[in-house]
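Please read it with the structure open.

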Amino acid sequence: MKISIILAICYLVLAPFIGGLLEGIDRKLSARMQRRVGPPVLQPFYDVIKLFNKENQVVYKSQSWLIVTYFVLMVLTGVMFFAGFDLLMCFFVMSTSATFLYFAACVTGSPYSTIGGHRELLQMTAYEPAVLLACVGFYLATGSFDVITIATANTSAIKYLPGFFIAFVFILTIKMRKSPFDTSASHHPHQELVKGLTTEFSGKNLALFQVSEWYENVFLLGVVGLFIINSKPVSIIVTLVVVFLTFFLEVLIDNSNGRMKWQQMLKITWIVTIVTAGVNTVVLMFIN
Amino acid sequence: MANITRSPWLLHYDGSSCNGCDIEVLACLTPVYDAERFGIINTGDPMQADIFLITGGVNEQNMPVVKQLYEQMPEPKVVVAVGVCACTGGVFKDCYNIIGGADVAIPVDIYVPGCAARPQAIIDGIVKAVALFQERAQKSEKEVDKVG
């Protein structure tokens with residue numbers, strides 16, 4: 001119990017630094033893949049520091065409050081996860097935080113950010129089945145929804161859940177806003193929606209959004225780790241290796257794929273989820 | 001005061017340019033010049049931009065657009081006029097439809113001449129703009145201290 005509290009506090013303090021560093025590595029790797037020098041690894045921190053020093057333009061009064069709520073709920077998700085709480089509860093809180101982000105984007109009335117917000121909802125429709133099925137999978141494999149019980153099981157969950165793992169890594173591309181599925185925020189090279197749902201965020205609000213994304217990424221990579229970790233100490237090293245490999249895979253996918261329409265995104269994600277996680281569920285039910 | 005020179009985000013607006021300067025601006029982002037190594041991002045969103053890069057002269061049609069983009073940018077901000085048309089109106093100066101360079105609509109800080117301006121010159125202009133950007137941020141902070 002004590003270790004879980006320490007882990008939760010570590011997440012609270014270190015996640016923005018790890019998340020920012022990961023984004024820095026992401027940008028450096030992407031630049032190298034495009035034969036560029038790329039920005040320094042600490043670039044995301046420079047960006048956020050600058051944004052905190054800029055004038056904060058608020059388009060609609062409740063916008064700042066909605067972004068702060070998104071931030072708080074996102075942090076809460078990760079804290080609950082690393083404290084070893086119920087996995088289902090973590091994902092429910094995460095979905096609630098995403099809803100607040102949608103409100104923050106739509107409340108401004110700007111057409112770009114409203115379309116971005118709608119696409120964010122579509123993305124949620126695409127990834128939620130895989131996320132919920134992952135919870136079911138963990139329950140079927142270990143007999144518990146508690147993160148602490150899953151993490152301290154005798155064997156790694158991935159032994160029973162390879163299909164769920166594939167489905168989860170697949171939807172990670174949506175959650176981490178990577179290229180084929182980056183429809184709502186439309187990051188730098190695309191811009192057909194200007195900046196999608198972040199169009200009307202500036203200054204402190206945008207900085208807070210950025211930091212929430214870092215918290216979210218660390219939490220999501222934590223869930224990837226949950227598939228691997230077990231009661232043996234050696235598994236911690238294996239977990240870290242797998243998490244970093246997954247992260248690298250996401251960067252590679254980001255740089256080697258064009259954008260997709262949301263219809264294709266929804267179709268492909270659901271097909272992958274149903275085929276991999278669905279088959280895995282049926283097999284697990286037969287074994288049990 | 002934090003060092004904010006490492007993260008200049010650009011907003012690029014094509015006034016009435018012939019696209020020569022715009023191609024050079026985009027060339028700055030290609031692997032050869034790679035402006036991102038200075039932390040430069042071409043945002044396309046005035047609310048997130050720090051440096052306003054304008055190419056081409058100003059006419060009746062784009063005057064309100066240029067003004068609105070400038071007003072939408074949060075403080076501190078810097079304006080860079082790229083190419084001789086944005087500086088003075090260039091060869092189109094005496095045309096009936098051209099009012100003049102970018103400075104007839106908004107206060108321009110850095111002028112990058114050339115037809116078209118070379119990528120090296122543009123990056124040099126941005127680096128100068130970044131120094132001014134830091135100076136302005138410090139100045140506005142001092143003013144806030146005085147009032148507070």
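1. **A parallel pair in chain B.** Strand β3 (residues 51-55) of chain B pairs with β5(B) in the parallel sense, over five bridges. Helices (H or I, at least four residues) and strands (E, at least two) are DSSP runs, numbered from the N terminus. Two strands pair if DSSP finds at least two bridges between them. The bridge partner of B:Phe52 in β5(B) is B:Val79.

2. **Basis of the note.** This is a predicted model: local features need pLDDT of at least 70, side-chain atom pairs count only at pLDDT 80 or more, and totals for chains, interfaces and linings use all residues. Residues are numbered from 1 along each chain as its sequence is written, while chains are lettered from A and ligands numbered from 1 in the order in which they are written.

3. **The other neighbour of β5(B).** Three bridges join β5(B) to strand β7 (residues 110-112) of chain B. These two strands run parallel. B:Val80 stands opposite B:Ile110 in β7(B).

4. **Is β5(B) buried or exposed?** Strand β5 (residues 78-82) of chain B is mostly covered, with five of its five residues buried. A residue is buried if 20 or more other C-beta atoms lie within 10 Å of its own, exposed if 12 or fewer, and partly exposed in between; C-beta atoms are placed from the backbone. Both faces are covered. B:Val78, B:Val80 and B:Val82 lie on one side. B:Val79 and B:Ala81 lie on the other.

5. **The whole sheet.** What is the strand order? The open sheet of five strands in chain B reads β2-β1-β3-β5-β7, with parallel pairing. β2 (41-42) and β7 of chain B stand at the edges. Each has a single partner strand, so one side of each is left without a neighbour in the sheet. At the β2(B) end, strand β1 (residues 9-14) of chain B pairs with β2(B) in the parallel sense over two bridges. B:Trp9 stands opposite B:Ile41 there.

6. **Chain B overall.** Chain B has four helices and seven strands. Along the sequence they follow the pattern β-α-β-β-β-α-β-α-β-β-α. The radius of gyration of chain B is 15 Å, close to the 15 Å that the globule rule gives for 148 residues, so chain B is as compact as a globular protein of that length. The radius is taken over C-alpha atoms, and the rule is 2.2 Å times the number of residues to the power 0.38. The C-alpha atoms fill a box of roughly 50 × 35 × 20 Å, taken along the principal axes. Of the 148 residues, 49% count as buried.

7. **Chain A overall.** Chain A comes to ten helices and zero strands. A compact globule of 288 residues would have a radius of gyration near 19 Å; chain A has 19 Å, which agrees. Its C-alpha atoms fill a box of roughly 55 × 40 × 40 Å along the principal axes. Of the 288 residues of chain A, 51% count as buried.

8. **One helix of chain A.** Helix α3 (residues 63-82) of chain A has 20 residues and should span 28 Å at 1.5 Å a residue; its end C-alpha atoms are 29 Å apart, which agrees. The expected span is 1.5 Å times one less than the number of residues. Just after α3(A), A:Gly84 takes a positive phi of about 85 degrees.

9. Two residues are in contact if their C-beta atoms, placed from the backbone, lie within 7 Å. In chain B, residues 24 or more positions apart account for 82% of the contacts with a separation of 6 or more. For chain A, that share is 75%.

10. **Nonpolar cores.** A nonpolar core is a set of buried Ala, Val, Leu, Ile, Met, Phe, Trp, Tyr and Cys residues joined through C-beta atoms within 7 Å. The largest has 76 residues, and those with the most contacts inside it are A:Ala130, A:Phe168 and A:Ile171. α8(A) gives the most to this core, with 16 residues. Apart from it lies another core, of 43 residues, among them B:Leu10, B:Phe38, B:Ala49 and B:Ile126.

11. **Where the chains meet.** The contact takes 25 residues from chain A and 19 residues from chain B. On the chain A side, α2 (43-53) and α8 (203-228) each supply at least two residues. α2(A) gives the most, with six residues.
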